[in-house]
Amino acid sequence: MWLSDIIDVFRRAGGWRGPAVAAVFALLAGLPGLLALPPLDRDEARFAQATAQMLEQGDYVVIRLQDQPRFKKPVGIHWMQAATVATLGDAGERDIRLYRIPSLLGAMLAAAACVWGAAGFFSRGVALLSGLILGGGLLLSTEAFIAKTDAMLAGLTVLAMAALGRLYAEARGGPAAGGFATPVLWVALSLAVLVKGPIALLVVGLTALALRFADRRPLTARPINWTWGLILFAAIVGPWAWAVTVATDGAFWAVAIGGDLAPKLAGGHESHGAPPGMHALAAPLLMFPATLLLPAAAVVAWRRRAEPGVRFALAWLLPAWLVFELTPTKLPHYVLPCYAALAWLCAAGLSEATGPLARRLGAALHALAGVLLAAVAVMLVLTYGQNWDAPAATVTAGLFLLAGGAGSLLLLRGQPRRAITWALPAGVLAHAALTAFLVPSLKPLMLSGRTAEVLAAARLLPAQGVIPGPVAVAGYAEPSLVFLIGTDTGLGGPEEAAEALASGRAAVVESREQARFREALARAGVRPVEVGRIAGLNYSKGDETELTVYAPPSRAAPEARP
């Protein structure tokens, strides 16, 4: 029972060890997907491509995607990605793993900060377990390998909330917060705003208001130091805010607020609308492999609601979660900054005498989540896999069933400690098998990567220096392909593809554009060389897609099948 032994060791040890163990656990949970998965459409590829252009063009103020400005999010995550790529590689290599490192670090920070904050209220064992639950949870460990804002936002928000929690605990008889808690709060908030705007401010502000209303007494014993805090905030956020305002004549703010934030508040933006309650319905799946503790968390929340730690967790969880539920636009990661509070309650519920009803409900939810995740693995291989993918699907589904079944059975036997000891490592291994072995082997889902491989094998990529660029692409405009084959990739129509071939460049044409493409070829008098065909699913649109790669007639390219 190695996990139980680890918790016992760190129950007796304080300091940095608990946060460090939680960070390492989050690293192990997110690293397999980071290493194995190709660039994902669409958000990840957009973020990575915009960062690559920053490095190529030397403009670290205005965010662009090809020749279009991308005024949706602040610049923070792009700077972090640019720093890792510049330090560890090169933008020209288009190695998506480098762009994902800040997300993995954000997940590690979230798990470590979860432990640090919980230790102000709960025992060291409970604090450590909360960090393991958060770091190994399906939602955070998935965001950990996607090169966008959400894992880093979660890390910074949880860090800010942990600092506020330590100050709150100190004022109510808990351990001393230390002189660095207030600066940590302000730095984390400032960086979170630079990463994704006002989300962290919303979470922290709603928590503070809820606690002030519930307690009717000052939130902290020591001053929050608003004067120096706001100066620090301005020093971190202000330079870029001023620079982007000047560089874009204020257009960034008009688009970011009026074109991105406001539509999400007003309706289901970009087809991501859902009714209230969807985040709550998804939580048992996204908390896996700690789903079995959710009913115990509810019992703790009710029975011990007057305790400072439980009260703080509820003030963190409920107001912000309600706002996200009422917001018409919904994506699973929106509530991720609240999952640390839920992890606190789950960890505290491990030692709670919850009764048979809560145990049965936890076992049922946990078993159902394991079965659903195993079914996803089987469905993926049946729909998109080949015979040789069956072993990966079997291992993945088996691990999900082991995590769900063992955890549920042990919980029903009244052994919640052994249940989570089995469920956590088995669940993390199952997620690793899914993201590192099963999904990357499903070739029909990897259209952009396979297309780039065909172009590279035929020496048709502009970076290879054999033929001029850019490659023209007709009928397939996914940013992952732009990221893989170059910023100047032409996303046009069949006429532009024919023109590219006539001028000695390569082209990629989707099957729905073939009739118009052949007409354009006939008009131009061009007879290109077909290099390869790539068929599969464009999962961003849900469309079956077939791409044909063409070399120009002047280039007798070798045949390169996917």
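1. A residue is called buried here when its relative accessible area is under 20%, exposed when it is over 50%, and partly exposed in between. The model is predicted. With a relative accessible area of 31%, Trp 253 is therefore partly exposed.

2. Trp 253 belongs to helix α12, which covers residues 251-266. Together with Ile 257 and Leu 261, Trp 253 makes up a nonpolar surface patch, and the accessible area of the three is about 250 Å² in total.

3. Aromatic pairs number 19 in this model. In one of them, Phe 252 and Trp 253 have ring centres 5.0 Å apart and ring planes at 90°, so the arrangement is edge-to-face. The cut-off behind that label is a plane angle over 60 degrees.

4. Phe 288 is in the loop between α13 (278-286) and α14 (294-303), while Phe 400 is in helix α18 (residues 390-412), so the pair ties together parts that lie 112 residues apart in sequence. Both Phe 288 and Phe 400 are buried.

5. One aromatic cluster brings together six named residues: Phe 121, Phe 122, Tyr 168, Phe 312, Trp 316 and Trp 344.

6. Two arginines are placed over phenylalanine rings. The charged end of Arg 70 is over the ring of Phe 47, at 5.2 Å from the ring centre. Arg 216 lies over the face of Phe 213, and here the distance to the ring centre is 5.1 Å.

7. How many of the 11 residues of helix α20 are buried? The count is eight, so α20 (residues 447-457) is largely enclosed by the rest of the structure. The buried residues of α20 are Leu 447, Ser 448, Gly 449, Arg 450, Thr 451, Ala 452, Val 454 and Leu 455.

8. Which elements do the buried residues of α20 pack against? They pack against helix α21 (479-485) and against the strands β5 (507-510), β6 (529-538) and β7 (543-551). Just after α20, the backbone at Arg 459 has a positive phi of about 55°.

Technical notes
Residues numbered from 1 in each chain as written. Predicted model: local features only at pLDDT ≥ 70, side-chain atom pairs only at ≥ 80, totals over all residues. Heavy atoms only, no water. Patch = residues over 30% accessible without salt bridge, like charges linked within 9 Å, V, L, I, M, F, W, Y side chains within 5 Å. Areas by Shrake-Rupley, 256 points an atom, 1.4 Å probe, with all protein chains shown as cover. Salt bridge = Lys/Arg side-chain N within 4 Å of Asp/Glu carboxyl O. Helix = DSSP H or I, 4+ residues; strand = E, 2+ residues; numbered from the N terminus. Buried < 20%, exposed > 50% of the residue type's maximum accessible area, 1.4 Å probe, protein only. Contact = heavy atoms within 4.5 Å. Phe/Tyr/Trp six-rings, centres within 6.5 Å; stacked < 30°, edge-to-face > 60°. Lys NZ or Arg CZ within 6 Å of the ring centre and 35° of its normal.
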